[in-house]
Amino acid sequence: MHDVVVIGAGLAGLRCAVVLAERGLEVVVLEAADAVGGRQRTDIVDGFRLDRGFQVLNPAYPALRRSIDLDALALRSFPVGVQVRTDRGLAELRHPLRSPLSIPRTIGSGLVSAADAVAFARWLTPAFTRRLSARARSDRALREGWDAAGLRGPLRTAVLDPFLAGVVAEDRESSSNAFVQELVRYFALGRPGLPAQGIAAVPAQLAARARAAGAEIRLGARAERIDRDGPIVEVGVAGGEALRAGRVVVAVGAESVAELAPVPRPATNGLQTWWFAATAAPSASALLRVDGRGAARRGPVVNTAVVSHTVPSYAPVARHLIEATCLLPRGGAAAGENEVRRHLAELWGAGVTDWHLLRRDDIPDALPAQPAPLRAPRPPRVTDRMYLAGDHRHAASIQGALASGERAARAVLVDAGV
């Protein structure tokens with residue numbers, strides 16, 4: 001019999017297992033897939049490293065700094081800024097404090113008026129001066145937050161709208177204002193990037209730490225049911241013997257949690273990522289590129305980048321890796337390859353017909369939806385001896401996943417008297 005069974009070896013489950021095992025509990029982690037990581041997976045395809053969807057890692061996340069040896073990841077950072085395709089051509093906006101020489105170019109782009117700059121500062125300032133919990137009490141939809149701050153010009157419509165669509169996986173400005181403020185604050189504080197070996201290096205490091213602390217991780221082990229009989233929890237495993245433990249932590253994704261725990265299925269937003277290989281890069285810039293030409297002229301791509309400019313190890317020598325991310329509306333039509341290629345040609349101002357499609361990742365449950373008003377993180381304990389962890393219990397981010405794993409572990413330790 002084990003002290004704790006953790007179901008799911010994503011970031012939340014692995015972080016929970018690390019905390020519990022390092023406090024001396026006997027922990028076994030069940031993972032249905034053939035590798036740890038959940039949504040943080042990396043595959044080698046024709047010599048290219050392809051993450052499961054375009055992802056970035058922000059070293060400003062507090063839970064990430066507590067959990068991971070960032071130096072060991074050999075993190076390569078994206079430039080802090082964005083390129084915007086406009087009706088007049090290509091504009092480039094960079095972080096004004098980190099690239100002060102770019103300020104005249106930003107002003108000359110026509111995308112940032114003085115009024116917009118003041119309104120954006122007015123909107124973002126509370127993220128640095130008030131705690132998230134305090135802002136959540138008066139939360140509203142993002143569109144209402146921007147309206148209240150007076151942010152209505154091209155900085156909103158041509159830059160923030162398309163950029164944030166790929167971050168929160170929706171383009172209706174319906175996400176929580178307080179939550180988006182928090183994300184933008186982290187973007188301002190950190191330099192997001194990717195590990196040299198792919199995003200999978202993050203869960204791999206957590207798994208190694210969990211095993212070093214004594215936790216057992218079983219791959220290809222799908223939990224089918226959870227039964228409680230007094231002080232014992234029994235977890236049924238597909239094709240194997242049931243496990244008995246004192247407590248169970250369900251740390252599966254939003255799409256599966258209701259199958260194992262007495263909670264409703266959380267709402268999610270979907271993303272679709274296209275990975276292309278090219279012998280010639282469409283640009284020398286590593287900046288993320290978005291379409292700021294207005295909704296009537298935009299295509300399905302919400303962002304695109306030459307990933308190998310930032311992380312050369314993602315592509316073989318003399319080859320380039322380009323990502324293109326689209327929204328994946330639930331119940332709606334997904335973007336087709338011809339439409340994506342047409343839009344990419346416009347965004348890059350370059351021919352894309354000879355780009356080789358390596359893979360398309362359709363991820364219908366890419367992120368939990370974060371509508372307004374923002375809810376406080378849900379308590380980990382849902383029934384006697386059953387706990388939940390995952391970004392759907394905290395916040396839709398790597399920070400949220402790791403923090404939820406920590407909270408679940410603390411709840412288990414308190415209840416176990418450790």
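**Ground rules**

I worked on a predicted model, where local features need pLDDT of at least 70, side-chain atom pairs count only at pLDDT 80 or more, and totals for chains, interfaces and linings use all residues. Residues are numbered from 1 along each chain as its sequence is written, and side-chain values use heavy atoms, with hydrogens and water left out.

**Entry 1: aromatic rings**

I looked for ring pairs and noted 7 aromatic pairs in the structure. For a pair, the ring centres of Phe, Tyr or Trp (its six-membered ring) must lie within 6.5 Å; planes under 30 degrees apart are stacked, over 60 edge-to-face, and the rest tilted.

I took Trp-123 and Trp-146 to begin with. Their ring centres are 5.9 Å apart and their planes stand at 65°, so I logged the pair as edge-to-face. Trp-123 sits in helix H4 (residues 114–129) and Trp-146 in helix H6 (residues 142–149), 23 residues apart. Helices here are DSSP runs of H or I with at least four residues, strands are E runs of at least two, and both are numbered from the N terminus. Both tryptophans, Trp-123 and Trp-146, are buried. Buried means under 20% relative accessible area, exposed over 50%, and partly exposed in between (1.4 Å probe, protein chains only). I also found that ring pairs join Phe-120 to Trp-123 and Trp-146 in a cluster.

Next I checked Phe-276 and Trp-355. With centres 5.8 Å apart and planes at 55°, this pair is tilted. Phe-276 is in strand E13 (residues 268–278), while Trp-355 is in the loop between helix H12 (337–348) and strand E17 (356–368), so the pair ties together parts 79 residues apart in sequence. Phe-276 and Trp-355 are both buried.

**Entry 2: salt bridges**

I searched the whole structure and got 24 salt bridges. The criterion is a side-chain nitrogen of Lys or Arg within 4 Å of a carboxyl oxygen of Asp or Glu.

I picked out Arg-41 and Asp-34, whose side chains meet at 3.0 Å, N to O. Arg-41 counts as buried at 12% relative accessibility. Asp-34 is exposed, at 60%.

Arg-156 bridges to Glu-173 at 2.6 Å, N to O. Arg-156 belongs to helix H7 (residues 154–168), and Glu-173 to the loop between H7 and helix H8 (177–189), 17 residues apart. I have both Arg-156 and Glu-173 down as buried.

Glu-337 is partly exposed at 31% relative accessibility, whereas Arg-341 is buried at 15%.

Which residues are linked in a network of salt bridges? I found Asp-43, Arg-52, Arg-359 and Asp-361 linked this way.

**Entry 3: Arg-293**

I placed Arg-293 in the loop between strand E14 (288–291) and strand E15 (301–306). At 12% relative accessibility, Arg-293 is buried. Its side chain makes a polar contact of 2.8 Å with the side chain of Asp-291. A second contact, of 2.7 Å, joins the side chains of Arg-293 and Glu-346. A polar contact is a pair of N or O atoms within 3.5 Å; within protein, one must be able to donate a hydrogen and the other to accept it, and residues adjacent in sequence count only if both atoms are side-chain atoms.
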